[in-house]
Amino acid sequence: MQTELWNDAAGGFHPVSAPDFLPEARLQEVQLRRLRAVVGRAYAHVPLFRQRMEGLGLTPEAIGGLADIAKLPFTVKTDLRDTYPFGLFASPMGDVVRLHASSGTTGKPIVVAYTREDVDVWAEVMARTFAACGLHRGDILQNAFGYGLFTGGLGAHYGAEALGATVIPVSGGNTERQIMVLKDFGVSALCCTPSYFVHLIERAREVGVDLRELPLRVGVFGAEPWSDAMRAHIEAEAGVKAYDIYGLSEIIGPGVASECAVQEGLHVFEDHFYPEIIDPETCQPLPDGAEGELVLTTLSKKAMPMIRYRTRDITRIISEPCACGRSLRRIRRIGRRSDDMIIIRGVNVFPSQIEAALLEVEGTLPHYQIILTRERGLDQIAVEVEVTAEVFSDKIRALEAVRARLAQAIEHICGIRVDLRLVEPRTIARSEGKARRVIDQRNI
Amino acid sequence: MKLQQLSLFLENRPGRLGAPLEAIAAEGINLMTLSLADTAQFGILRLIVREWERAKQVLEHAGWVVNLTEVVAVDVPDRPGGLAEVLRVLESAGLNIEYMYAFSLRRGDKAILIFRFEDPDPAIDVLKTAGLHIVDAEELFSHFP
């Protein structure tokens, strides 16, 4: 029974997945050994970390057990910006074999570095990710994550190769070509952002290609939060099993956590990335099971160790055993980020709430965008929703009713009245990477 | 007896009407008639074309959401009270008109009006029983070159 869950069609799990099944005591032993090493390394080579440790009167010897991690100072995104570009590196450039950078929506991007060893660890955790999603040697993976400064493309590429799958490095964009490759190359698995895949499904339908009739079996999606309803839509429209994976450039890129066949949370590859949950307001650690902000420590990173990095992602740790047999703890699927929160006229609104309201009315998720403006000192929120074939009618009255229902659902869930605008299909910009849901035009 | 009408969603801002019309013109598809219903924020463009299947395909391929509805074309006497007579027939049968618009084509002493009913079939029966002439697609398009 257990074998079925983590095995795949090739029979037997890939040896790369072995650390997923370490007994708890053995896992904690590995974690502690690596934690002490990485704290020592950061202390010795990263001036900012050393200063903060000294400010707290700490040395690496303060780490006696895993619980002592709570004594250590946090690292936040602005630390990467403030030390731009290379200030947090713990390795000389001679040992750094790769740089990536995040797009950065405001100001400068953040730069991350990898040694040869880091690249190998990354390939390992991504191979474990794909294995957990049911991929194996013989699978043909269309990698539609962007190749380049973004970590998604190359991270997935190395991982799939390490697993022994066949990788098609098609990268993001050029949807017509994606559809051609899907059709012609016998692709069995595809990875990209979930919003791009929804766009791909839409485009395939327009050009008369039914993805359900292709050999495509598995979709591996990450780099942005997506709802369960969006998963149901993808699975029904494309005839795939859709898996959620999690990662962030600051930690390594994709490969921090992945769903397994059970799909009740994402296993954190905690032999390399140690997870904690904290209260985002008080910064106090919370027990497993409590909801809060995810904090990650890279246990084996060489070029750029991250100690207690605040991800801003809101989730909780599931420590109960998983039916798949993996001993790695899980995190619940991430629905929101603490910095996605929009404060409008004193009300806290999350894009995921707006999404839930739109889904409730339409049944599937339409393309939408939230636009914030300020008129005479007062914040205004508009939600633009593309008209879909499902809700479109030749009658004005019917469309007005759809508009009213959408606005009411949002008001009901978020407690705020929005200016709801129906817009023409394909007028909201499609992203080939992460979807940009909120356009803030307020000058605050 | 029924005509196929295509409807498109348009945002109510300058230039939006031209794009779909150009898209079908580029395919050499001639418009029989159209009607535009609008609110402050959006509008619905309704089109009657002979080659509605091709027009629908062209518009959908270009990204528009296209709705297909059956409507009824009725010959209405082109004199004072002509339309009122037709409406009386529908009213006495308890039939509700969702919307209506005039066809751009006129034939002798008749004007053609397009009616949208929730259910067109009972309306056609009522109109025919009252002696009114329903114009079907073949007859309608035979007037165009």
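Two residues are in contact here if their C-beta atoms, placed from the backbone, lie within 7 Å. Keep that in mind as you look around this predicted model.

**Stop 1: where the chains meet**

Start by colouring chain A and chain B separately. By that cut-off, 17 residues of chain A are in contact with 19 residues of chain B. Now select the chain B side. Strand 1 (2-11), strand 3 (42-49), helix 2 (52-61) and strand 4 (66-77) of chain B each give two or more residues to the side that touches chain A. Strand 1 of chain B has the largest share, with five residues. If you colour this side of chain B by residue type, you'll get seven nonpolar, eight polar and four charged residues.

**Stop 2: two domains in chain A**

Where they touch, domain 1 of chain A puts in 17 residues and domain 2 of chain A puts in 13. On the domain 1 side, look for helix 8 (194-206) and helix 9 (228-238) of chain A, each of which supplies at least two residues. That side of domain 1 of chain A is made up of six nonpolar, nine polar and two charged residues.

**Stop 3: the nonpolar core**

Next, go for the largest nonpolar core, which has 150 residues. Select A:F130, A:V256 and A:L296, the residues with the most contacts inside this core. Then show helix 5 of chain A (residues 116-132), which gives the most to the core: nine residues.

Which residues is A:V256 in contact with, leaving aside its neighbours within four places in sequence? Click on A:V256 and show its surroundings: you'll find A:Y246, A:G247, A:L248, A:I251, A:V268, A:F269, A:F273 and A:L296.

**Stop 4: a residue in domain 2**

Finally, zoom in on A:I344, in strand 17 of chain A (residues 342-344). Is A:I344 buried or partly exposed? A:I344 counts as partly exposed because it has 18 C-beta neighbours inside 10 Å, and a buried residue needs 20 or more. Setting aside residues up to four places away in sequence, A:I344 touches A:V349, A:L372, A:D379, A:I381 and A:I416.

Terms used:
Residues numbered from 1 in each chain as written. Chains lettered and ligands numbered in written order. Predicted model: local features only at pLDDT ≥ 70, side-chain atom pairs only at ≥ 80, totals over all residues. Helix = DSSP H or I, 4+ residues; strand = E, 2+ residues; numbered from the N terminus. Nonpolar A, V, L, I, M, F, W, Y, C, P; charged D, E, K, R; others polar. Core = buried A, V, L, I, M, F, W, Y, C linked by C-beta atoms within 7 Å. Buried ≥ 20, exposed ≤ 12 C-beta atoms within 10 Å, placed from the backbone.
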